[in-house]
Structure formats: C-alpha cells, structure tokens
Amino acid sequence: MSERVIIIGYGMAGSRLAAELHARGGDHKVTVLGAEPHRAYNRIMLSTLLAGKIAEPDVELAEVAGQGVDVRTGVAVTAIDRATREVHTDDGDQHGYDHLVLATGSRAVVPPLPGLDPLPERVVPFRTLDDCRRILAAAHGARTALVLGGGLLGLEAARGLAARGLDVTVVHATGWLMERQLDPAAGAVLAGTLEGLGVRTVLAVPATGVAADADGVRLDLADGRSLTADLLVLSCGVRPDTALAASAGLTVERGVVVDDRMRTSDRRISAIGDCAQHDGVLTGLVAPAWAQARVVAQVLAGDDPLARYRPRPVVTRLKAAGIDLAAMGDAVDAPAGYPVEELTFADPARGTYARLRIRDERLTGAILLGDNPAVGTVVQLFDRGAPVPADRRSLLLGRAFGAVPAAPAASPALMPDAATVCQCNDVSKGALVACWRAGARTVDGLSGATRAGTGCGGCRDALAGIVDWLGEAEPVATR
C-alpha cells in the first residue's frame with residue numbers, strides 16, 4: 001500500500017519537497033495543500049516583479065502536479081488530528097496521512113500601531129504574490145511611497161517602487177539600515193547609495209501611528225514629524241506560521257522544533273522552511289529550506305534513511321538594481337573571547353565599503369558593498385572555509401598589489417570543482433561541468449539539469465561565464 005504523504009504549504013519549501021519525492025520515485029501518494037490560490041512561485045523574485053523587470057509568469061516555479069503528486073491550491077488546513085492521523089481543511093474535507101510535513105512558512109508582521117487594525121486600503125505588507133499585486137495596484141497613478149522597515153525586503157521593495165518612478169522614503173527605527181547584516185559604517189554607505197537612486201531614508205525614529213483615507217497615508221513619527229504619501233508598504237519582519245503545529249500539541253518555541261532529520265516531537269510529522277526551528281535557529285532563507293526538503297525526501301524515500309540536515313554558511317545578497325551587496329558570517333557581531341583580524345575600507349563617495357573578519361587564516365565574516373571584483377572569491381573562501389591569501393588587500397579592494405594578481409577565481413578555469421556556484425541549490429562548478437559534458441550546453445540547459453539559478457538568480461552571470469568558458473575550452477565537435 002502506498003505511503004500517504006501530505007505536505008501543508010505550497011510555497012518554495014513545499015513545492016521543492018514534492019518535486020524531490022517525485023524525482024526519487026518510490027511508493028508514495030503525495031498530496032500538497034496550499035492556502036494561496038495560485039501555483040507555487042519564487043518569493044525571492046517578488047521585488048523584481050515589483051520593479052517591473054519581469055512579469056508574473058516569470059516568478060512561477062515548475063509545476064509538480066500530476067505524476068503521483070496531487071496539488072490542491074486555495075485550500076487551507078484548519079486542524080491536525082494526530083490521533084487519527086488526519087488533517088481537516090476549510091472546504092470540509094479530511095485527508096489521512098502516514099507522514100505529514102509542515103511547510104507553512106511565515107507571515108508578515110504588522111506592527112501594533114494605531115490605525116493599522118484593520119489595514120487601510122493604501123497600506124500593504126510585502127510578503128506574498130497577492131501583496132505584490134496590491135502594491136502594484138496602489139502604485140498605479142501614485143507619485144510617492146513610504147516603506148516602513150529598512151531590512152532586506154524593505155529595501156528591495158523601496159528600490160522596486162523607485163524604479164517605477166515613485167518618490168520613495170524608507171523609515172527605519174534603528175540607526176542604520178539592515179542592522180542584522182551590516183555594521184553602522186556599511187549602513188551609512190548603503191543609505192548614500194540609495195539616496196543616489198532616488199530612495200531617501202529616515203533613521204533612528206520609530207513610527208507611532210498611521211492615518212489613511214482616499215487621498216493617501218500619513219505616518220506619524222516619535223520625534224513629532226509626520227510623513228505623507230500615496231502608499232505605505234510594511235516590511236517589519238516575518239514570524240513563523242506555527243499556529244497549526246501549536247494547536248496539534250507539537251513542540252513550538254519561536255518555530256516548530258525539529259531534529260537533524262527535520263522531525264518534530266511527533267515522529268510522523270516533519271517541518272521544513274521558515275516555520276522550522278533547527279538547533280535553536282530560524283532560517284528564513286531559501287537555500288536552507290531546499291536543503292531541508294532534500295533531507296526529508298531522502299528519509300521518506302528510503303534512499304538515505306540516515307540523512308541529516310547540516311546548516312551551511314549563509315550569504316545574504318541584496319537584490320536591487322544599482323546595488324551590489326553581499327554580507328556573510330559574523331561580520332557584525334563576533335563571539336566574545338576570539339581573537340580576530342579586522343580589515344575595513346570605505347569610499348562613501350563611490351558607494352564602496354568592505355569589511356573582512358579573519359580568524360586562523362579563515363574568513364569568518366565579510367561585508368562587501370559596491371563594485372568589488374573579489375566578491376565571488378570572498379564568497380567561495382567563506383563557503384569552503386579555505387585559507388585567505390597572504391595579501392588581504394586583494395579581497396578588501398578587489399585587486400592585488402605587486403606583480404602577481406591574487407584573484408583565485410577570476411576565471412572559471414581557476415575555480416576548484418568543489419566551489420559552490422549556486423548558493424540556493426548548493427550546486428558546485430564540478431556538477432555544472434559534468435552536466436555540460438553530459439549534453440547541457442546552455443545556461444538554461446545547465447539550470448534545468450541542476451536547478452542552478454532558480455533561486456535568487458544571483459548566479460546567472462556565473463552560469464553564463466561557465467558556459468562561455470566551456471564552449472571555448474571544450475568545443476562541441478560538428479560534422
């Protein structure tokens with residue numbers, strides 16, 4: 001008899017798990033229940049959609065319905081009955097399971113400000129495709145916009161709206177932007193870069209209230225000022241969606257607590273993605289979610305029952321036109337008691353900032369903002385835990401001093417096969433070369449064979465470079 005696997009959530013984690021299970025075969029009857037009414041989409045690309053650089057079909061993920069996977073969209077799960085091993089949905093159905101996977105993601109935080117309950121028409125959180133549609137509808141004919149929240153998503157939303165010609169102001173309660181990833185100096189340089197791109201910032205002042213009517217939105221600030229605009233976008237963080245798990249009696253802290261095999265306190269229930277808390281950590285990023293989906297698929301399919309989730313170093317990239325930013329590791333806060341080597345360089349006039357933190361000849365953290373040719377090398381060194389070059393300036397400034405350049409990955413030929421090209425899908429250069437030799441001769445071909453480039457899209461240029469290099473190094477014989 002087929003094992004019944006139910007996946008709650010048809011987002012980036014749930015759809016990936018369904019695809020992984022299908023690819024592995026086996027005797028599984030997989031049902032995916034998604035509360036959103038549309039097919040799975042790439043949430044990372046919503047800011048690009050907001051900027052008008054792509055259309056809605058471009059954010060859709062590969063369809064997994066059919067071929068042993070039953071996908072039901074617009075269906076919300078209302079309860080989990082662990083005693084009978086059933087889930088109840090808002091359309092009155094019950095679905096039995098042998099194994100249940102929670103991929104419920106997270107929800108946008110709406111701050112408890114006067115005027116936001118209920119949300120006015122011109123005030124929109126930025127989290128889902130429907131949110132994006134509402135923002136675009138409100139932006140039509142608008143001239144000004146406010147964004148509350150200067151984190152990663154808030155800045156991507158602000159840059160997207162500015163690209164559409166709106167006059168945008170970001171309001172952030174902390175003294176500098178992206179304080180989780182950047183230090184104050186980097187935040188100041190980033191604010192200057194944004195100013196040049198048409199995005200103003202108001203920092204170190206909390207909002208105290210919102211008033212909205214048919215003519216626009218007013219945001220009141222703690223220093224007595226009030227800002228007005230045609231539209232207010234909320235980007236105040238997210239919170240794991242753990243309501244179902246908590247109601248079912250599973251162990252929940254900040255997220256649904258899971259072990260190395262992504263199992264909850266009930267061994268017949270797993271959790272992956274934004275809603276899962278592994279080793280006390282919430283991820284909120286696509287690369288860990290997809291890695292967790294792979295582990296659950298390996299365990300359920302039986303091809304690797306001892307599979308374990310092992311977190312990899314995380315690299316944060318800001319996806320906004322005109323801004324190059326990569327942040328990784330402990331560049332902001334270092335563990336106490338550890339001697340580290342610190343190097344920094346700042347050129348605010350050119351929008352450039354670099355900070356490296358090195359311990360025992362290994363890179364433990366970095367911030368690179370602006371044009372720095374060494375960013376690919378820095379990411380590789382951080383990801384692999386490889387020794388840094390003796391001339392640190394080659395990483396800090398993107399060029400070496402002396403006769404011999406120190407750019408270990410200036411060409412794909414110089415990249416080791418183990419170097420990770422696609423962080424989201426953990427695809428190495430060696431895997432791409434193997435696919436090329438197996439017949440995938442284009443960027444789309446390599447992407448289809450390995451999934452490289454299907455996450456944030458930040459590696460597409462690197463994929464193109466590898467295709468060009470292989471085309472010259474290993475030309476295809478013609479008759």
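Trainee: What share of the chain's residues is buried?
Mentor: Buried residues make up 49% of the 479. Buried means under 20% relative accessible area, with a 1.4 Å probe and protein chains only. This is a predicted model: local features need pLDDT of at least 70, side-chain atom pairs need 80 or more, and totals for chains, interfaces and linings use all residues. Numbering runs from 1 along each chain as its sequence is written, and side-chain values use heavy atoms, without hydrogens or water.

Trainee: How many residues are in the largest nonpolar core?
Mentor: That core has 70 residues. A nonpolar core is a set of buried Ala, Val, Leu, Ile, Met, Phe, Trp, Tyr and Cys residues joined through side-chain atoms within 4.5 Å. Helix 7, residues 286-301, gives the most to this core, with 9 residues. Helices here are DSSP runs of H or I, at least four residues, numbered from the N terminus.

Trainee: Which residues have the most contacts inside that core?
Mentor: Ile-80 and Leu-102.

Trainee: And what does Ile-80 touch?
Mentor: Skip its neighbours within four places in sequence. Its contacts (heavy atoms within 4.5 Å) then include Ile-8, Tyr-97, Leu-102, Leu-244 and Ile-269. Glu-86 is also in contact with Ile-80.

Trainee: New topic. How many helices and strands?
Mentor: The chain has 12 helices and 28 strands. Strands are DSSP runs of E, at least two residues.

Trainee: How far apart are the mean positions of the positive and negative charges?
Mentor: They are 3 Å apart, for 49 positive and 56 negative charges. Lys and Arg count as positive, Asp and Glu as negative; His and the chain ends are not counted. Each charge is placed at NZ of Lys, CZ of Arg, CG of Asp or CD of Glu.

Technical notes
Buried < 20%, exposed > 50% of the residue type's maximum accessible area, 1.4 Å probe, protein only.
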